[in-house]
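Work through the exercises below with the structure open beside you. Try each task before you read its solution.

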Amino acid sequence: MTQIPARITDWFSTKGWSIHPHQQEMFDRAQEPATLLIAPTGGGKTMAGFLPTLAELAEGQHTGLHTLYVSPLKALAADIGRNLREPVEDIGLPIRIEDRTGDTSATQKKRQRADPPHILLTTPESLALLTSYEDAPRMFRGVQRIIVDEIHALAESKRGDQLMLALARLQTLCPGLRRVGLSATVEDPEAIACFLARHPDPCRIIQADPGPDPDISMLKTAEMPPWSGGGAAYAIPAVMAQIKQHKTTLIFHNTRAQAEIFFHNLWLANEDGLPIGIHHGSLDRQQRERVEAAMVRGDLRAIVCTGSLDLGIDWGDVDLVIQIGAPKNVKRLVQRIGRANHRYNAPSKALLVPANRFEVVECVAALEAAQAHDLDGEPRGTGPRDVLCQHILIAAAAGPFEADALYAEMRVAGPYAHLTRSAFDACLEFCATGGYALRAYDRWQRLQQRPDGTWQLRDPRAAQRIRMNLGTIQDTDTLKVRLKRSRGGKPLGEVEEAFAASLTPGDTFLIGGQIVRYEGLREMVVEVSRRADRKPRIATFSGTKFATSTQLSDRILRMFAQPDWPQLPRHTAEWLALQREISQLPQADRLLIESFPDRGREHLCVYGFAGRNAQQTLGLLLTKRMEEEGLAPLGFVATDYATLIWGLDAVTDPRPLFRLDALRDGLETWLAGNAVMKRTFRASATIAGLIERNTGGQRKSGRQATFSSDILYDTLLKYDPDHLLMQITREEAMRGLVDFGRIEAMIARIEDRIDLLRLDRVSPLAAPLFLEVGKVPVKGEAEERLLAEESARLLRAAGLSPA
Amino acid sequence: MKPLAQPAETSEERIMNRIEFTFAGQCLSALGSGALWWPDQKLLCVSDLHLGKSERMARRGGPTLPPYDSRETLTRLATDLSLTDASTVICLGDSFDDLDASAGLATEDKLQITALQAGRRWIWIEGNHDPGPVEMGGAHLFEWVYNGLVFRHIAQPDGQGEVSGHYHPKVKLTTRAGAISRPAFLLDHTRMILPAYGTYTGGLRSSDAALTRIMAPGARAILTGVHPQLVPMPG
């Protein structure tokens with residue numbers, strides 16, 4: 001096809017639109033096997049993806065499925081469906097469009113398999129599920145194109161790996177399948193292209209005009225930001241003033257708890273009663289949909305939100321984005337800012353609001369990076385093997401398979417292009433037997449080889465369980481919150497199970513912007529009552545804490561090297577100057593460590609700038625090394641830039657503590673027993689199918705699942721430490737929650753350039769760390785010493801003599 | 001001159017981490033592991049091993065735990081036996097999670113128990129989880145009276161010189177750097193309650209009414225751990 005059919009261009013004209021150059025180019029390149037479009041929000045990206053499909057289907061020649069559209073969000077799939085039906089109906093094209101997500105009814109799903117539409121809008125999980133049915137070849141017969149929307153977001157998680165394996169399967173069923181990826185601005189388009197294309201096919205990258213640079217600045221406030229914390233309550237009046245000056249404002253937060261607290265404070269200051277909503281992943285779906293609908297109607301002046309609005313439907317009239325708290329990551333900041341002003345070729349407007357003094361530095365660094373188009377991102381590693389295990393099980397659910405053919409098929413998926421045969425065989429062995437230590441259990445003996453050499457499920461009924469546990473999204477274990485009252489009660493949202501377990505009747509917390517009182521737990525539901533008269537206990541249902549990116553941390557260190565800081569507010573510049581006078585400012589190629597006494601304890605502050613997760617791991621490993629050296633550590637706390645450790649004795653020579661081999665050894669042995677490693681294991685074990693979250697329609701409570709996964713982990717650690725899942729856990733530990741990779745990078749960077757400064761009191765830069773939450777106690781010799789002390793004191797007090 | 005013979009290290013010297021005390025006229029030691037050691041009788045007493053707990057939970061449809069908890073418990077017991085060189089072992093009840101658990105124990109675990117029993121007098125006291133005799137070597141008794149001490153599973157109101165288990169007692173201490181909780185021995189002038197020795201067993205705070213009711217005022221507690229600690233029992 002060389003020309004866009006006149007019917008379609010005419011429709012564009014009647015709308016007063018013209019075809020953008022990138023839309024035309026996407027059309028011209030439609031026959032190529034893979035194309036990646038990079039375009040800002042509002043650039044007609046989706047239409048660019050669908051134009052060739054509409055043109056190819058315009059004559060009504062095609063029967064069955066023609067185009068699959070995959071998006072990371074169910075809501076987005078539904079929204080695209082609405083937007084697409086409009087031209088199709090206006091023009092009168094003979095095209096049937098349907099969506100298929102977790103929300104689609106069972107009848108509808110069944111009908112779709114028998115009689116598929118021309119265009120199916122779906123999610124990675126629903127697509128993987130479709131490939132697990134025996135009739136998948138019939139359903140997908142003749143599929144021509146697949147469009148992967150928001151591919152930059154999918155590529156950041158295992159959902160992307162799973163999707164690419166499903167695409168490899170589809171490509172076998174439909175050899176002529178052409179792939180299209182739609183992406184926001186990213187730092188490395190080639191990496192996304194490799195991820196998308198069938199290996200080793202080429203992938204063309206089309207860049208749309210990025211539009212004018214965004215207008216980003218720091219929010220001016222009358223009050224100074226506090227020394228620590230993430231609430232940004234000081235900025236409420238200034239934020240309120242901005243809301244009044246704009247049509248619609250999106251106020252982004254990094255965690256759900258921060259969003260709740262900010263919304264509460266904003267509401268108290270909302271004297272004019274402006275319509276302001278809140279939107280985050282812990283809220284009940286109905287509540288979220290109400291807010292989304294109000295937003296689309298233009299009824300809201302502001303929405304307090306989290307990453308739940310990072311992607312998704314076009315909000316249209318947003319004219320200001322406010323980011324509360326340091327953005328942690330320049331790329332995400334730029335993408336969030338892109339949510340404002342969706343009119344093409346108009347600059348987006350954004351304001352940054354640091355929540356505390358250190359974040360002032362980080363916000364200014366992020367702002368400078370955004371202006372310099374210096375985006376950050378971790379290079380994508382090879383595809384993880386837990387996803388591979390799940391894919392093998394999905395393949396088995398669809399019917400018997402040949403190991404050679406499945407291996408060859410997986411290697412056309414970009415993330416698995418370099419998968420070795422031995423790695424594949426290990427995954428197959430695990431799926432078949434559960435691995436050496438678990439070989440005695442029937443439940444993990446899932447595959448068997450048939451006389452002809454193909455593999456099949458040992459028990460065909462297992463297919464149902466595999467489908468029920470499909471997916472790679474690890475939601476934290478949450479419990480529903482309802483008002484205790486009439487039957488059922490109104491759902492308010494969800495809180496983490498661990499948070500619910502910490503509540504006692506009478507405790508109050510914030511959810512959905514209201515203060516509620518905990519009444520009790522009934523059948524896995526947290527029952528609450530409304531309580532407006534009390535100060536809330538802080539809601540800590542904020543699972544994700546992002547770590548500041550390597551590139552942003554480097555930028556902060558470069559800023560520290562300046563002789564003075566004209567770009568920083570005076571209070572912050574003075575703080576840094578004072579640090580330089582009393583101690584030193586951290587430098588990129590050296591490691592600054594401060595040692596000082598405070599309130600009867602010794603402290604050690606390590607400025608590693610390795611991000612929150614790695615600094616946390618460093619805290620665990622260093623306190624272990626200190627324990628071995630008899631330095632009696634008591635606990636530590638970590639932020640994105642430093643770890644503060646306290647204990648009974650002072651450290652005089654830090655060098656032995658930082659030997660990479662000793663730290664790595666600690667990761668292998670001691671940290672192996674840590675809860676963070678267990679959580680890492682649990683996620684992979686669930687994806688690989690070792691642990692089932694769903695069994696026979698009944699969802700296990702999180703604590704039950706944790707119990708058995710923790711014990712499985714301990715068992716494998718002791719009796720089968722080279723089990724496939726243990727290998728995967730160690731690989732995962734290099735990034736994510738453990739992030740040991742960044743500790744290695746830090747030590748490689750500083751080598752032995754460690755500066756230990758002995759101070760007589762806490763330094764300006766270390767002081768805010770004392771106010772941080774999330775302190776981790778260390779159990780060891782210090783605890784034995786304290787117990788001995790306390791025991792002696794109690795015995796003396798009781799007039800007894802020690803035994 | 002004849003060189004002085006190097007005295008062999010005695011079991012008393014090998015057991016570093018213990019607290020000695022006198023109870024019902026006998027000199028006893030609480031070990032950091034949670035076992036009770038009676039040096040004069042070369043007797044080691046452990047309570048609430050709960051062997052086969054994971055197997056039982058799986059049978060009853062609970063979470064599936066691998067069966068290695070039993071091996072873990074038995075390994076710790078083997079260590080204590082080699083340290084003390086005990087000639088008598090008393091398992092103070094709830095040694096098995098239930099009767100089926102003793103039958104369903106893995107062959108390796110059964111073999112290890114047999115190996116530990118070799119050359120020793122071994123007494124299984126009945127508990128509420130394993131009331132009947134079990135298919136395992138050794139004597140099976142409801143209770144056992146010996147040199148002024150009575151060993152039984154659950155403390156009785158009129159117990160004298162009574163050593164029991166059942167409650168899995170724990171003690172929480174508030175130190176200058178926060179609270180620390182440990183399984184603990186509880187003892188007063190007439191009775192003592194042993195902590196649970198099993199691997200996956202929970203615990204009951206010493207402040208729980210069930211325990212404050214039984215123990216006399218002025219009772220003491222010995223916290224288990226690397227260095228066991230004696231304290232007045234927190235009520």
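A residue is called buried when its relative accessible area is under 20%. Keep in mind that this is a predicted model.

**Exercise 1. Describe chain B in numbers: what share of its residues is buried?**

Step 1. Apply the cut-off. Of the 235 residues in chain B, 51% are buried.

Step 2. Chain B has an accessible surface of about 10,100 Å². Carbon and sulfur atoms hold 54% of that surface.

Step 3. List the elements. Chain B contains 16 strands and 6 helices.

Step 4. Look at contacts in chain B with a separation of 6 or more. Residues 24 or more positions apart make 66% of them.

**Exercise 2. Find the largest nonpolar core: how many residues does it have?**

Step 1. Recall the general rule. In soluble globular proteins, nonpolar side chains tend to be buried together.

Step 2. Count the members. The largest nonpolar core has 114 residues. Leu127(A), Phe140(A), Ile392(A), Leu447(A) and Phe658(A) have the most contacts inside it.

Step 3. Helix 16 of chain A (residues 385-398) does, with 9 residues.

Step 4. Note the second core. It is separate and has 62 residues, including Ala294(A), Val321(A), Cys363(A) and Ala365(A).

Step 5. Return to Leu447(A). Leave out its neighbours within four places in sequence; its contacts then include Ile392(A), Leu393(A), Ala396(A), Phe401(A) and Trp455(A).

**Exercise 3. Trace the open sheet of 6 strands in chain A: in what order do the strands lie?**

Step 1. Read across the sheet. The order is 27-21-22-24-23-28, with mixed pairing.

Step 2. Find the edges. Strand 27 (754-758) and strand 28 (776-777) of chain A each pair on one side only.

Step 3. Zoom in on one pair. Strand 23 (residues 633-638) and strand 24 (residues 643-647) of chain A run antiparallel, joined by 5 bridges. In one of these bridges, Pro633(A) partners Gly647(A) of strand 24.

Step 4. Helix 23 of chain A (residues 612-628) lies across strands 22, 23, 24 and 28 of chain A. The helix runs at about 170° to strand 23 of chain A.

**Exercise 4. Examine strand 20 of chain A: how many of its residues are buried?**

Step 1. Strand 20 (residues 525-530) of chain A is mostly covered, with 5 of its 6 residues buried.

Step 2. Find its partner. Strand 19 (residues 514-522) of chain A pairs with strand 20 of chain A over 6 bridges, in the antiparallel sense.

Step 3. Check one position. Ser529(A) in strand 20 of chain A stands opposite Arg517(A).

Technical notes: Residues are numbered from 1 along each chain as its sequence is written. Chains are lettered from A and ligands numbered from 1 in the order in which they are written. This is a predicted model: local features need pLDDT of at least 70, side-chain atom pairs count only at pLDDT 80 or more; totals for chains, interfaces and linings use all residues. Side-chain values use heavy atoms; hydrogens and water are left out. A nonpolar core is a set of buried Ala, Val, Leu, Ile, Met, Phe, Trp, Tyr and Cys residues joined through side-chain atoms within 4.5 Å. Buried means under 20% relative accessible area, exposed over 50%, partly exposed in between (1.4 Å probe, protein chains only). Helices (H or I, at least four residues) and strands (E, at least two) are DSSP runs, numbered from the N terminus. Contact means heavy atoms within 4.5 Å. Accessible areas come from the Shrake-Rupley method with a 1.4 Å probe; for residues, only the protein chains shown count as cover. Two strands pair if DSSP finds at least two bridges between them. Axes are lines fitted to C-alpha atoms, for helices over the stretch in contact, and angles run from 0 to 180 degrees between N-to-C directions.
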